[in-house]
Amino acid sequence: MGTLRYCFNAAVALSKSCHRSSLPRKNFGQRFNFVRNYGSTYEGDGKTHAVLLNDETDSLMISSYSTVGFTLNNGITLVGPIAIFPNCVLSWNVGDLHHINEESLSLFLKIEPKLDILILGIPEYKKRDRKVLLGLANLIREYKIPVEIMPVEIAGPTFNFLHAERRFVAAGMIPPIDVDGDSATAMESPWKVGYVEGK
Amino acid sequence: MGNAAGALGRFVTKKARRFNVESRTERYLEKNVKNPAPKPAATQREIEQLQREMPDLMQKINKRNEELLTRLKKVYVSSEDPPLDKIEADANPNRPLPLQRKTEYLEYGYVEPESVTPGRLTLKQALQLLSKYQLDKEKDSIKSLALQYNLSEKDVGNLVDYFKVYTLVENTVQQSGYDVNPYTILNDPNDKIPINLMNLPEETKKFQAAVQKFSDAATERSLGTSENNSKNSSQDKNSSQDKNSSKNN
């Protein structure tokens, strides 16, 4: 009986020491997941078809990105960081996350009517940049503008979808430092958004 | 310890309760017994009293009453819509109902406000301001633009400094074949080069020279970071040089 109790005690102690909260969390500090599971909308061959919003709409959307810049759905390539609004796009003269401040965001903040949502696409940031990001979010929220700061890779589709919903949305985007781990080439990745429809 | 023992006990009793539960349920369902819930004592007493007073009551209740059934067949309900003219008269002529549900196309994605708060500007105005400044910096200076659009000079300075209207260049990007981040150029605080390639070919030459200058710097930087990157970048550098040389020829 003594040995049994000893084993039981040991097991309880071990389970307590390895409690989930005490374990280091996976991806701690990385706030964004790149892969989302949308469930299965696909019904079968011939029953479903996809509608690509980039091709359907007559307004501006971003189709792809590279280390050089962005390509719109009308085939125009934009060099460098961009400030994109519904149906108009401007060149944005910033280098990276640390260049984004109240002055460089002046147009987004001063615009009338107020923006429904502002998206900031940032190429790459380290763990130590989290304070900067938080400060930036707080700064923009002072102007009562909802803000979404995310990696560029997912900021584009977000802008496209929000724009497809006819919201007054703006996005400031800086091209990524590397696409698929390659820093020098300008490899294009598709940013087309759409939805799947049943027949 | 107590917790663990409790859990163990619960586990055991649960298993015992659910032992052979499926076959037991099947057996119960096969019997097809219906045990209606007993009526309350007061109701029971009342029913017994009624049966004592009128022994043929239950018979009367269970018998179909043909007279009552035929009555409903004779009933017929008809309705008429109110006249349409009356509805039109009720509608408010000052606030007419919408005839189309489709929303109208908005040029810049927003409804143009009637008045703009001083110190702010609409998107349309911003585009005007930026293009005006880029076309003629002396005529439309920051000072005059600030007066024109009811903004502070500091704000106009920021707008003009950080936002620029694009100019269309056909195919130059593909032809030049550079592979370097253009924003590394914008990064440099000493010489900010506006990507305004309106005045071809002088501007493109200037731009390409700047790209060449910074591509060297970028490759050096990536050489320093890691070995794998350095291999890639050196290869890319070679390829870019090949491209450039072929173009020069």
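A residue counts as buried when its relative accessible area is under 20%. By that criterion, buried residues make up 22% of the 249 residues in chain B of this predicted model. The secondary structure of chain B consists of 13 helices and one strand, and along the sequence these elements follow the pattern α-α-α-α-α-α-α-α-α-β-α-α-α-α. Of the contacts in chain B with a separation of 6 or more, 46% are between residues 24 or more positions apart. The chain exposes about 20700 Å², of which carbon and sulfur atoms supply 52%.

Helix 1 of chain B covers residues 2–17. Together with B:Leu8 and B:Val12, B:Phe11 forms a nonpolar patch on the surface, with about 320 Å² of accessible area in total.

Charged pairs come next. Side chains of opposite charge can pair when their charged atoms come close. Over all chains, the structure holds five salt bridges. One of them links the side chains of B:Arg120 and A:Glu112, at 3.0 Å from N to O. B:Arg120 lies in the loop between helix 6 and helix 7 of chain B, and A:Glu112 in the loop between helix 3 and strand 7 of chain A, so the pair joins two chains. B:Arg120 is partly exposed at 21% relative accessible area, whereas A:Glu112, at 13%, counts as buried.

Within chain B, the side chains of B:Glu67 and B:Arg71 meet in a salt bridge of 3.3 Å. Both residues lie in helix 5 (residues 66–74), four residues apart, about one turn of the helix. An α-helix has 3.6 residues a turn, so residues three or four places apart point the same way. B:Glu67 counts as exposed at 51% relative accessibility, and B:Arg71 as partly exposed at 47%.

In chain A, A:Asn54 is found in helix 2 (residues 53–56) and is buried, with a relative accessible area of 2%. A polar atom of the A:Asn54 side chain lies 3.3 Å from the backbone oxygen of A:Ile62, and the A:Asn54 side chain also makes a polar contact of 3.4 Å with the side chain of A:Ser63. Beyond residues up to four places away in sequence, the residues that A:Asn54 touches include A:Asn73, A:Asn160 and A:Trp191.

Note on methods: Residues are numbered from 1 along each chain as its sequence is written. Chains are lettered from A and ligands numbered from 1 in the order in which they are written. This is a predicted model: local features need pLDDT of at least 70, side-chain atom pairs count only at pLDDT 80 or more; totals for chains, interfaces and linings use all residues. Side-chain values use heavy atoms; hydrogens and water are left out. Buried means under 20% relative accessible area, exposed over 50%, partly exposed in between (1.4 Å probe, protein chains only). A polar contact is a pair of N or O atoms within 3.5 Å; within protein, one must be able to donate a hydrogen and the other to accept it, and residues adjacent in sequence count only if both atoms are side-chain atoms. Contact means heavy atoms within 4.5 Å. The expected span of a helix is 1.5 Å times one less than its number of residues. Patches are made of residues with over 30% relative accessible area and no salt bridge: like charges are joined within 9 Å, nonpolar side chains (Val, Leu, Ile, Met, Phe, Trp, Tyr) within 5 Å. Accessible areas come from the Shrake-Rupley method with a 1.4 Å probe; for residues, only the protein chains shown count as cover. A salt bridge is a side-chain nitrogen of Lys or Arg within 4 Å of a carboxyl oxygen of Asp or Glu.
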